[in-house]
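Visitor: I am new to this one. Please show it to me, and then let me ask about it step by step.

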Amino acid sequence: MLDTIGASKGHGQEGVISRYGIKNLNRKTHRGRRKVACIGAWHPARVSFAVARAGQRGYHHRTETNKKIYRIGKHDDPGNGATS
C-alpha cells in the first residue's frame, strides 16, 4: 500500500456559480444574477466560513491513501506493460 501526494487540477479564480454550483438568482435581480443572495445575518458581524464566496478553485493539496502497486519493472522489459 502506498500514499500519493499531489495537487488537484487548477482552475484559477472562479465565481460562486462554478465554484460551488449554487443556483442563479431570478431574472429580475437588480445587481447581478451569479451571486449569493444573503451572506449572513447582521450579527454576528462577520461572514461565516460556510457561505459560498468567489475565489480559488482547484490546485489544492490532496493526499490519496492506500494505493496498490500492481507491477514494477524496467522500461525495456516487454512483460511489464509500460507504454512509454
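Guide: One cut-off first. Buried means under 20% relative accessible area, exposed means over 50%, and partly exposed lies in between. Keep in mind that this is a predicted model.

Visitor: Is E14 buried or exposed?
Guide: E14 sits in strand β2, residues 12-14. Its relative accessible area is 19%. The limit for buried is under 20%. Therefore E14 counts as buried.

Visitor: Which residues does E14 touch, leaving out those up to four places away in sequence?
Guide: Contact here means heavy atoms within 4.5 Å. Residues up to four places away in sequence are not counted. That leaves R19, A54, G55 and R57.

Visitor: Which residue forms a salt bridge with E14?
Guide: Side chains of opposite charge can pair when their charged atoms come close. For E14, the closest N and O atoms of the pair are 3.4 Å apart. A salt bridge needs a side-chain nitrogen of Lys or Arg within 4 Å of a carboxyl oxygen of Asp or Glu. The partner is R57.

Visitor: How many residues apart are R57 and E14?
Guide: R57 forms a salt bridge with E14. This pair links distant parts of the chain, with R57 in strand β3 and E14 in strand β2. They are 43 residues apart.

Visitor: Is R57 buried, partly exposed or exposed?
Guide: The relative accessible area of R57 is 27%.

Visitor: How many salt bridges does a search of the whole structure find?
Guide: R57 forms one with E14. K67 forms one with E64, where the closest N and O atoms are 3.2 Å apart. K67 is partly exposed at 35%, and E64 is partly exposed at 44%. The search of the whole structure finds two.

Visitor: Which residues is T4 in contact with, leaving aside its neighbours within four places in sequence?
Guide: T4 lies in strand β1, residues 2-7. It is partly exposed, with a relative accessible area of 33%. Beyond those neighbours, T4 is in contact with R62, T63, E64 and K67.

Visitor: How far apart in space are T4 and Q56?
Guide: In sequence, T4 and Q56 are 52 residues apart. In space, taken C-alpha to C-alpha, the distance is 23 Å.

Visitor: In what order do the elements of the chain run from the N terminus on?
Guide: The chain has one helix and four strands. The helix is α1, at 16-20. From the N terminus on, the order is β-β-α-β-β.

Visitor: What radius of gyration does the chain have?
Guide: A compact globule of 84 residues would have a value near 12 Å. The C-alpha trace spans about 65 × 30 × 15 Å along its principal axes. Buried residues make up 10% of the 84. The radius of gyration of the chain is 22 Å.

Visitor: What share of the accessible surface belongs to carbon and sulfur atoms?
Guide: The accessible surface of the chain comes to about 7700 Å². The carbon and sulfur share is 52%.

Visitor: Which residues form a nonpolar patch on the surface?
Guide: One member, I72, lies in the segment after β4. I72 is exposed, with a relative accessible area of 73%. Together the members have about 320 Å² of accessible area. They are L2, I69 and I72.

Visitor: Which residues does a cis peptide bond join?
Guide: Look in the loop between α1 and β3, where P44 is found. Omega of the bond is about 5°. The bond joins H43 and P44.

Visitor: Which side chain does a polar contact join to that of W42?
Guide: W42 lies in the loop between α1 and β3. It is exposed, with a relative accessible area of 72%. The polar contact is 3.5 Å, and the partner is H43.

Visitor: What is phi of Y59 near?
Guide: Y59 lies in the loop between β3 and β4. It is exposed, at 61%. Its phi is positive, in a residue other than glycine. The value is near 55°.

Visitor: And what is phi of N66 near?
Guide: N66 lies in strand β4. At 51% relative accessibility, N66 counts as exposed. Its phi is also a positive value in a residue other than glycine, near 60°.

How values were computed. Residues are numbered from 1 along each chain as its sequence is written. This is a predicted model: local features need pLDDT of at least 70, side-chain atom pairs count only at pLDDT 80 or more; totals for chains, interfaces and linings use all residues. Side-chain values use heavy atoms; hydrogens and water are left out. Patches are made of residues with over 30% relative accessible area and no salt bridge: like charges are joined within 9 Å, nonpolar side chains (Val, Leu, Ile, Met, Phe, Trp, Tyr) within 5 Å. Accessible areas come from the Shrake-Rupley method with a 1.4 Å probe; for residues, only the protein chains shown count as cover. Helices (H or I, at least four residues) and strands (E, at least two) are DSSP runs, numbered from the N terminus. Buried means under 20% relative accessible area, exposed over 50%, partly exposed in between (1.4 Å probe, protein chains only). A polar contact is a pair of N or O atoms within 3.5 Å; within protein, one must be able to donate a hydrogen and the other to accept it, and residues adjacent in sequence count only if both atoms are side-chain atoms. The radius of gyration is taken over C-alpha atoms; the globule rule is 2.2 Å times the number of residues to the power 0.38.
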